[in-house]
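Please study the sequence and the model shown here before reading the report.

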Amino acid sequence: MNKLDRLILIDDNEITNFFNEDIVSELGLAPDVITFKDPNMALAYFIENDEELSALSVLVFCDIKMPEITGFELLEEMEERELNFLDRGYFCMLTSSNMVKDKEQFAMFPYVKHFMEKPLDHDKIQTVVDTFNLGLNKLNEVQ
Amino acid sequence: MENYSKLLKRQLKKLVDPSAIESLSPFLEKVNDSYEHFDANVKLLSRSMEMSTIELSDANTKLKESLEFLENFNYGATHDLKNHAINIRSMVVMLKKYNERENSEKVNQIITFLDKSSSQFIEATKSFLLASKIEMQKESEIKLVNTNIIKEEVLNECSSLIEEKDGQVIWNIDESITELPHQLSKITLSNLVFNGLKYSMADVNPIVEVVIKRNALEGVINMTIKDNGRGMDLEKNRKNLFKIFSRLSNVGNEEGTGMGLYLVKKMIERNSGSIEVKSKPGVGTTFEISLMAA
């Protein structure tokens, strides 16, 4: 079941990160859990470790609305730099607003497999992990 | 303009006895007058239609602008409030779990976060309410209040920050200025002083200096709020500085709604004032405000 090597959490809110870290470590999803509060730091990490990350199975939970660069802009930056990890990684975008605007953008990024409303919980994470294990494509989890 | 009575007479000559035409003359003159009257009215009407079209399109542009603002505001406010609510909910879920496990270290940490997100929730609600209030009213009613009351209110808003960072607020106000517009001064000063204290440099005690002077020549009151904080790169940030929900890249770990400076600028402009900013990273920021003297 546990095929994940690494789990990456990106959210500008420390409380959200605190909660998400707790819930994923409780589930024991991956041996490594890395959290970024600053999406620019996450981008730097993705650039620096593109080769290594592309060889691993990695799940990314990324917030959409963050100051300076949004979650989607982070993806665009990665796209511009032609990072291999974009195709290899498993991206799940998180939102708290569930607005049409976010959904429309979600549809424009083929490598984003999930789009979920916060907060994360065991069921939602299980859905992501299951589809990840089954190698399924793009699911929209927003009710 | 063509004389319609002559035109009519010419036509009638072909059809009826000329003497009859003479007797019809007064009637024909009347027809002519009404026709000219009608013509003038049509011209007036079409001119006013043109005007209304211009007015309508102006109103339409304004409506579009406020709709755009409302959409943006709605998105930002919903997102922000919901985020706080979700965080509070998440912390309660965690609190239950760790309370059962009697993990007091975690419980204490969760309570700190709960405290933080619930006060952020209240702050955000307040600023959104204020923003919609400002947006709704055409011109804010100016209520003057004693300068000392403003000072007290501003210090009150910033007291926990002053204590936490061992900060200082220095006031330098013209003696002749005994009263200031209440809402405007309170919101402007508490936001700018608060920011000056909040975005301080590491290991430097924040000092914010507030200078309020009268410029009798121009009939304005000048306010200067100067801090020794971390400053900002204005070349990069000037465009977004006063924009609603925008937060600069160097906010670091500091939480915020991105409403403060937006509200300040909006309030000042509603009162026909102006605000300028000077800043240097690592040195500090100075806001210069000019208000119409009451």
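The model is a predicted one. Chain B and chain A bury about 2,400 Å² between them, and 55% of this area lies on carbon and sulfur atoms. Chain B contributes 27 residues to the contact, and chain A contributes 20 residues. On the side of chain B, the residues that lose the most area to chain A are Tyr75(B), His79(B) and Phe113(B); together they account for 27% of what that side buries.

Charged side chains also take part. The interface of chain B and chain A holds 5 salt bridges. Glu14(A) and Lys116(B) meet in a salt bridge, with a distance of 2.2 Å from N to O.

## Salt bridges

Side chains of opposite charge can pair when their charged atoms come close. Over all chains, the count comes to 14 salt bridges.

| Asp32(A) | Arg6(A) | 3.4 Å |

Which parts of chain A are tied together by Asp32(A) and Arg6(A)? Asp32(A) belongs to strand β2 (residues 32–36) and Arg6(A) to strand β1 (residues 6–10), so the pair ties together parts that are 26 residues apart in sequence. Asp32(A) is partly exposed, at 32% relative accessibility, whereas Arg6(A) is buried, at 10%.

The pair of Asp63(A) and Lys118(A) links distant parts of chain A, 55 residues apart. Asp63(A) lies in strand β3 (residues 58–63), and Lys118(A) lies in the loop between β5 (112–117) and α7 (122–134). Asp63(A) is buried, with a relative accessibility of 0%; Lys118(A) is buried as well, with 5%.

Glu123(B) and Lys126(B) both lie in helix α3 of chain B, 3 residues apart, which is about one turn of the helix. Glu123(B) is partly exposed, at 46%, and Lys126(B) is partly exposed, at 48%. Elsewhere, salt bridges that share partners join Asp22(A), Glu26(A), Lys97(B) and Arg101(B) into one network.

## Aromatic rings

The structure holds 15 aromatic pairs over all chains. In one of them, the rings of Phe73(B) and Phe128(B) have centres 5.9 Å apart and planes at 90°. An angle over 60 degrees counts as edge-to-face, so this pair is edge-to-face. Phe73(B) lies in helix α2 (residues 18–100) and Phe128(B) in helix α3 (residues 104–136) of chain B, so the pair ties together parts that are 55 residues apart in sequence. Both Phe73(B) and Phe128(B) are buried.

In chain A, one aromatic cluster is formed by Phe36(A), Tyr45(A), Phe46(A), Phe85(A) and Phe91(A).

## Buried residues

The largest nonpolar core has 49 residues. Within this core, Leu189(B), Val193(B), Ile225(B) and Met259(B) have the most contacts.

Is Ile187(B) buried or exposed? Ile187(B) has a relative accessible area of 9%, under the 20% limit, and is therefore buried. This residue lies in helix α5 (residues 182–198) of chain B. Beyond four places in sequence, Ile187(B) touches Leu130(B), Val264(B) and Met267(B).

In chain A, Asn20(A) of helix α1 (residues 14–27) is buried, with a relative accessible area of 4%.

Note on methods. Residues are numbered from 1 along each chain as its sequence is written. Chains are lettered from A and ligands numbered from 1 in the order in which they are written. This is a predicted model: local features need pLDDT of at least 70, side-chain atom pairs count only at pLDDT 80 or more; totals for chains, interfaces and linings use all residues. Side-chain values use heavy atoms; hydrogens and water are left out. Rings of Phe, Tyr and Trp (its six-membered ring) pair if their centres lie within 6.5 Å; planes under 30 degrees apart count as stacked, over 60 as edge-to-face and the rest as tilted. Helices (H or I, at least four residues) and strands (E, at least two) are DSSP runs, numbered from the N terminus. Buried means under 20% relative accessible area, exposed over 50%, partly exposed in between (1.4 Å probe, protein chains only). Contact means heavy atoms within 4.5 Å. A nonpolar core is a set of buried Ala, Val, Leu, Ile, Met, Phe, Trp, Tyr and Cys residues joined through side-chain atoms within 4.5 Å. Buried area is the accessible area (1.4 Å probe) that two parts lose on being put together, summed over both. A salt bridge is a side-chain nitrogen of Lys or Arg within 4 Å of a carboxyl oxygen of Asp or Glu.
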